[in-house]
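Please keep the sequence and the coordinates open while reading.

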Amino acid sequence: MAMKPSNNIWIRRQQCPCGDWKCYIKYEGDDQTSANSQLVKSETSSSSLASEVVFTPYVGQIFKSDDEAFEYYSNFARKNGFSIRKARSTESQNLGIYRRDFVCYRSGFNQPRKKANVEHPRDRKSVRCGCDAKLYLTKEIVDGVTQWYVSQFSNVHNHELLEDDQVRLLPAYRKIQEADQERILLLSKAGFPVNRIVRVLETEKGVQPGQLPFIEKDVRNFVRTCKKTVQENDALLTEKRENDSLELLETCKALSERDPDFVYDFTMDPNDKVENIAWSYGNSVHAYSVFGDVVTFDTTYRSITYGLLLGVWFGIDNHGKAIFFGCVLLQDETSQSFAWALQTFVRFMRGRRPQTILTDIDSGLRDAITSELPNTKHVICLWHILSKLSSWFSLPLGPQYMEFKSQFDILCRLESIEDFEHQWHHLVAQFGLGSDKHIGLLFSYRASWPFSCIRGYFLARMMTSEYSKSLDMFFKRILSAQTCLQAFFEQVGVAASWANQTRENMQYMHIKTCMPIEEHAQSILTPYAFNVLQHEIVLSMQYATREMANGSYLVRHYKTVDGGCLVIWMPEEEQIHCSCKEFEHSGLLCRHSLRLLVVKNYFQLPDKYFPLRWRKESSLITMDDHNTQSNSDERSQAFHSLAATLLTESLVSKERFNYVHKELTGLLDHVRNMPVVDEVSLNMAPNNVDES
């Protein structure tokens, strides 16, 4: 009998970069556990709501959807010592499903089943006892809006309700979070029996025996299920892996024949099986030629089903959005595999190496970058480090962890290397972490992550939260449960095309200072880059300059008497250098340099301080900027005139003000729900990039 294709399960890499196989990472937000917690908290919405006050449902209560009602009733049930299940639903031709019945998990009676033809059939005792607790929903349409109301409700049970420490063990509330699944599989593969796996997890999480959000039976069932799909069917899975890998390879070959700009490469193992495979697209190679100065190589995810590590190369465009450069699937995480991946990527990008590459902490990857990209600056993404802090330090520090984290955040952003090292040693001594292996790991990478050490590296604003969110959006688009590698390949192609060819509706940025350098910058930079520079221009007006003896200038905020930044101005070459190194870091001038240029009577910034990567002309999509600006100006003037009149009239009396406030609130809600399709968005519609 053919095996049903198993889903391609993608999870975050859990193995800790410290090298200890017994040490693993539980990312912040993935089923976090604090040291002083008795229970392990689930990240599901139901459990988070369970900690809040949930009032008793009542007849006539309105919900926007039946799912919302089920979630509400489920949280009420958990708080009151029982669980619920979905029972009958009633459907009509006009309304569809118009009635939903939710009942207590012990509602009804177990129907006798025909006994299997076995020597010793299992006689399982049913928990159902005819409990009449229930909540019935009925759908109605009011003013064209669908809603559900409680038509019947009973909270009368004919059985004992459970205490908090018992209700969490009901099947409806037991769940092994994704963050724990790989750990369980790793321990199982190492030969740990299920009872020992449970003990290890309890120890690592710092909880009392029996206080995990799942029980030993759940772990046993999970391991058994995985063995069926991954271990016991190892031969079938191996065959699936080989077939799917060959199918992916054939898909790449076929695409390269249809599209000469598509590039791919692969390696074979000693048994002539596909080992590693990488690919990229023509528009990605073109994008790299413009924005390949800084690259993120993300290796966060791996596939349990195929045993493959996913690596994705990203850049950042002149609108501050992530753009896809390439993708690789690796059989292992050795420095040799990473070296092949980097070699292949550079070859795809026609031999051009990035100035800076951002990665997670990984010793194999660090060695590969050192050998393959010797002239490229290597930076560890700060958000990768911060996401590991809880796993590393929450348990050993206990209630001191939050204070440690607060001080660590300050430490990361210190501007002086001397200050960083001084504060680092103070932090280690204060919290008694001198012998901690993770402290040692972070210190060994100190040249690659503190701001004081990387402030001179060009990052093009890749360390912003907005950029991190755009990466998360990309992974959400591709990491669904595909049943084969070819489906994953197709998802990557769709997501990569979307990422490289579409942009949000760019808002025209209005002048704030009326300074000539601001108007000049607005005509050259994209709205994203101009917004950043404009912020610095506005702040520069709060800074004073003082010429020093050596011809340099001290620029400091007018409210401070110490500190400041040292700015060097060379008029012959029209070069300016600031000790804050913001231009070297982001490619946009800082407030200190801008202030000095204004003092020097500059009405336009020198052309060299508008890098090509931030200019409108570098956009991967065509933008009719003149029409956009003209339309925005006309609309802005009309709106400001109307708004000024409305403000004047509404302030005449309290009644007028309340009326205007109410109507504007409703109008704003209406506008937000309108489709964003107008001449501006049409002007910015994506266009295919043709390198020829």
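Which elements each supply at least two residues of the lining of the second largest cavity? They are α7 (234-258) and β8 (274-280), where helices (H or I, at least four residues) and strands (E, at least two) are DSSP runs numbered from the N terminus.

## Basis of the values

This is a predicted model, in which local features need pLDDT of at least 70 and side-chain atom pairs count only at pLDDT 80 or more, whereas totals for chains, interfaces and linings use all residues. Residues are numbered from 1 along each chain as its sequence is written, and side-chain values use heavy atoms, with hydrogens and water left out.

## Overall fold

The secondary structure of the protein chain comes to 24 helices and 18 strands. Of its 692 residues, 45% count as buried, a class that means under 20% relative accessible area, with exposed meaning over 50% and partly exposed lying in between (1.4 Å probe, protein chains only).

Among contacts (heavy atoms within 4.5 Å) in the protein chain with a separation of 6 or more, 63% are between residues 24 or more positions apart. The chain exposes about 36,500 Å², of which carbon and sulfur atoms supply 51%; accessible areas come from the Shrake-Rupley method with a 1.4 Å probe, and for residues only the protein chains shown count as cover.

## Nonpolar core and cavities

In soluble globular proteins, nonpolar side chains tend to be buried together. The largest nonpolar core here has 75 residues, of which W279, Y281, L310, L329, L525 and L533 touch the most other members; such a core is a set of buried Ala, Val, Leu, Ile, Met, Phe, Trp, Tyr and Cys residues joined through side-chain atoms within 4.5 Å. When residues up to four places away in sequence are not counted, Y281 touches L255, D261, F262, F324, F489, V492, G493 and A496.

The structure holds 2 cavities of 30 Å³ or more, a cavity being a set of points, on a 1 Å grid over the protein atoms alone, where a 1.4 Å probe fits but cannot get out, with lining residues having an atom within 4 Å of a point. Grid points are joined across faces, edges and corners, and a volume is the space filled by probe spheres set on the points. The second largest cavity has a volume of about 50 Å³, and its lining consists of S245, L248, V274, E275, I277, L308, L329, Q331 and L485. Strand β8 gives the most to this lining, with 3 residues.

## Selected residues

F63 lies in strand β2 (residues 62-63) and counts as buried because its relative accessible area is 5%. Leaving aside neighbours within four places in sequence, F63 is in contact with E68, A69, Y72, L137, Q147, W148 and V150; the C-alpha atoms of F63 and V150, 87 residues apart along the chain, are separated by 8.4 Å.

R88 lies in strand β3 (residues 84-92) and, with the neighbours within four places again left aside, is in contact with R99, R100 and D101. H520, in helix α18 (residues 516-524), counts as buried because its relative accessibility is 17%, and beyond its neighbours within four places in sequence H520 is in contact with Q604, L605 and F610.

## Cysteines

With a disulfide taken as a pair of cysteine sulfur atoms within 2.5 Å, the count comes to 0 disulfides. C18 is in no disulfide, and the nearest cysteine sulfur, that of C16, is 3.4 Å away. C18 counts as partly exposed because its relative accessibility is 24%, whereas C381 counts as buried, at 0%.

Conventions
1 Å grid on protein atoms, 1.4 Å probe; cavity = no way out; pocket = protein on both sides within 12 Å on 5 of 7 lines; lining within 4 Å.
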